Amino acid sequence: MSDTTTTASLADPAVRRELMSTVEATPGSSKPDSILNVDHITRHFGGITAVDVGHLEVQRGIITALIGPNGAGKTTFFNLITGFDRPSSAGQGAHWSFDGRTLDRTSASRVARSGMVRTFQLTKALSRMTVMDNMMLGAQNQAGENLAKCLLRPLWGGQEKQVETKALDLLDRFSLLEKRTDYAGSLSGGQRKLLEMARALMSDPKMIMLDEPMAGVNPALTQSLLGHIQSLRDDGMTVLFVEHDMHVVRHISDWVVVMAEGKIVAEGAAGEVMSNQAVIDAYLGAHHDTDLGDDALLTDETLEKLAEEVAEEDAERKEEQA
Amino acid sequence: MDDIQNILQAMMRVAVSPQTAAVAIAVIGLNIHFGYTGLLNIGQSAFMLLGAYGFAISITQGWPLVVAILMGLLVAFVFALVLGVPTLKLRGDYLAIVTISAAEIVRYVGRSVGVEWLFDLTGGAQGIPGSQYRGSFTSLSPFGSGNTTILSFNYTDVAGGSVVVRLLGWAVVIGLIWMAVRIGRGKTSLEGTGRTAAIIGISAATILLAFFLAPTGQQNTGVDGWWFTFIAWILVGISLLIVLGLTKSPWGRALRGVREDEDAMRSLGKNVFAIKMQALIIGGLFGALGGMMYVLPATVQPDSLGRSITFFAYTALLLGGAATIWGPVLGTLIFYVGRIFIIASANTYLSSDKYINIMNSQQTSQFAFILVGVALMLLVIFRPQGILGDKRELRFNV
């Protein structure tokens, strides 16, 4: 594969811009080299449709941001594609594949082993274990985790050393080296985010999925987290992350996918997608430029117009559901 | 002074009894479940009872000893699978409900008299008398017949067994135990092998000194004799070595990971169900081994391996410190010896005309349980991590 050459060059912003400029900025547009393909995933909670994604492709080697207002279904979508939840449309056309491997019926642990590792919005540090033990658990294919071999140290001692070296390297990179013998539960919220990211990297993932990596992190740490995420991309990893903070999104993402009410409403480069009408509607409501305090609007004519618009939208919605 | 010496002798007899060792093995298994993996198994007695049945029935059917032991382990293995498959995918509480019910089902099936072929095998509530299955184990004894007192050189040989010698001796014993606990909790600079060696050395010295102060005489080979004691504590040692190896390995690390957060482990690509199942089976096998050892000097009576044994095991585990290597053994010893201390003291001082007579012997036993209960409450309030546990672990809510 010519992976190494493409990914190396993707560290250059101009190359990335050029690559993505060929992509149509419409929901579900096809990418030149997609690593994750998602088709027809829906998830209902009772009568509420939390996620209803028709088609989505994620480009390899860049940072893609998944944004949307509260309750847009971003985290549910994450859970669905990482195997932590089952789509309601399972077996009825729901289909998603990662790096050429179909993941329709794959458990969360298998998804992780195939190279797509996630973090959680509420960090899941293994509190009563040391930071080092947390890291060591992230490594894949450890012979010593096999019950049949674990009593015979020679069978896994060598690998354990390698894992340890790698863990120390990563801890150093995420400036957690001094904390390595502390319990993970004693870390601050931001440090836990760092630890979780570092732990996910222990498995050498092809793609890392970060669920709100900046939530509850102080501004100084945000800067270093952003730096880490960008350096992951520059190392050739694909990053998909959920975020609320528009500054962050604009700052580091190469491509933005916008979700609202479970659907993907827009896609595009970070600079342009913000001015997309669908995005503004999703975030601010369709009538955000209507000044409700303006008496002039209280004419019959305007009210009729508004009623018409509402009726139209209702009809549209019914049509979609039918 | 004779009274005190008698109480100490009674405590010593319980401390070395093979049944105490047997419970310690079962607690070691429970520690894998609850301490390391976070599996709330409230049916450890069922693993013990099934191991005991598998063992005893095999021998009464005329099978050799080795096959009988394997049979006992096999039954526990199958039981673990049956319990684990439906419950380990669910939240932890379900395992607790299922295990306690399953343990009761096993006990009631064991004591049922309705089905004739089953009654022929288990002997109902009366159980299988030890004489029917003990023979092949007793005949292996290289110790011969007769009685032996350990140690034959004891306190009576020094200064005529004066009070001073004995008080001094027990002070040293307490000091040694305190030192071992400190080392066990990692408060000293000793690390790794040195630490283990120090603990073993101090334990050996403590045991010798205890025997010196309270010499214990028993038959060499008979029921409850030295042969049983010897094998039982050898088994405890082997179990400890296995657990030490398991928990220091990456597999043991994965167990603790599952205890902390299953979803995080899934996100790291670990097969959580498989890890929990393996832990349930390994802990269950230790339970079965403990059960076999427990019934060897006694009878396979379903009611003697009921709920109370499970609760004793939990008490011992919390007392010693969950998720520690030495905690289960230390906890079991303190629990059983402490209980006998209360019973013997109450019998001596509260139930005889020589001092105060306010209880009969049945009441002293109940009185002991009341005090044990109060002690457990105090322990959970003031030292929830147990004697050997690490207090740092409690600062984080799970």
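Q: What kind of model is it, and how do I read the numbering?
A: This is a predicted model: local features need pLDDT of at least 70, side-chain atom pairs count only at pLDDT 80 or more, and totals for chains, interfaces and linings use all residues. Residues are numbered from 1 along each chain as its sequence is written, while chains are lettered from A and ligands numbered from 1 in the order in which they are written.

Q: Which strands does the open sheet in chain A have, and in what order?
A: The order is β6-β7-β8-β3-β9-β10, six strands with mixed pairing. Strands are DSSP runs of E, at least two residues, and helices are runs of H or I, at least four, numbered from the N terminus. Two strands pair if DSSP finds at least two bridges between them.

Q: Which are the edge strands?
A: β6 (116-118) and β10 (263-268) of chain A, each pairing on one side only. The twist averages 20° from one strand to the next.

Q: How do β7 and β8 pair, parallel or antiparallel?
A: Parallel. β7 (207-211) and β8 (238-242) of chain A share five bridges. A:Leu210 has A:Phe241 in β8(A) as its bridge partner.

Q: Which helix lies across β8(A)?
A: Helix α8 (219-234) of chain A, which also lies across β3 (63-67) and β7 and runs at about 150° to β8(A). Axes are lines fitted to C-alpha atoms, for helices over the stretch in contact, and angles run from 0 to 180 degrees between N-to-C directions. Contact is C-beta atoms, placed from the backbone, within 7 Å.

Q: New topic. Which side chains of β4(A) are buried?
A: A:Trp96 and A:Phe98, on one face of β4 (95-98). Buried takes 20 or more other C-beta atoms within 10 Å of a residue's own, exposed 12 or fewer, partly exposed in between; C-beta atoms are placed from the backbone.

Q: What is in the turn of the β4(A)-β5(A) hairpin?
A: Two residues lie between the strands, and A:Asp99 in the turn has a positive phi of about 55°.

Q: And chain B, which residues of α1 are buried?
A: B:Ile7, B:Ala10, B:Met11, B:Ala15 and B:Val16. The buried residues pack against α2 (18-37), β2 (216-219), α10 (226-247) and α15 (327-350) of chain B.

Methods. Contact = placed C-beta atoms within 7 Å.
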